[in-house]
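Let's take a walk through a protein model together.

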Amino acid sequence: MTAAAALGVTRSQLQQAIDVANNVQTNAAGIHLRAAQRTLDELVPALTAVPADPREQQGGCGCGENVEALKT
């Protein structure tokens, strides 16, 4: 930008260039995001629910299951 200003480019022209560059980068990021999502969808079909650990369904992790056995 320093070189452009030294060549006589106005502030308004520099601002326009910055705005165009921002729009290009934003559009490119959107394109890459959509492509990545399509690739993910192709590689990993809709995931089904992972069966829960039965110990978690009972309200705990099962960590204390052997505590009673240790007490005796």
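Here is a tour from the overall build down to single residues.

This is a predicted model, where local features need pLDDT of at least 70 and side-chain atom pairs count only at pLDDT 80 or more, while totals for chains, interfaces and linings use all residues. Residues are numbered from 1 along each chain as its sequence is written, and side-chain values use heavy atoms, with hydrogens and water left out.

Start with the overall build: the protein has 4 helices and 0 strands. Helices (H or I, at least four residues) and strands (E, at least two) are DSSP runs, numbered from the N terminus.

How far can you trust the picture? The mean pLDDT (the predictor's confidence in each residue, from 0 to 100) is 81, and 62% of the residues reach 70 or more. Confidence is highest in H2, at 96, and lowest in helix H4 (residues 67-71), at a mean of 56.

Now for what's tucked away: of the 72 residues, 3% count as buried. Buried means under 20% relative accessible area, exposed over 50%, and partly exposed in between (1.4 Å probe, protein chains only).

Is Leu 43 buried or exposed? This residue sits in helix H2, and it counts as exposed because its relative accessibility is 65%.

Next, find Val 9 in the loop between helix H1 (2-6) and helix H2 (11-43). With 31% relative accessibility, Val 9 counts as partly exposed. Leaving out residues up to four places away in sequence, Val 9 touches Ala 4 and Leu 14, where contact means heavy atoms within 4.5 Å.
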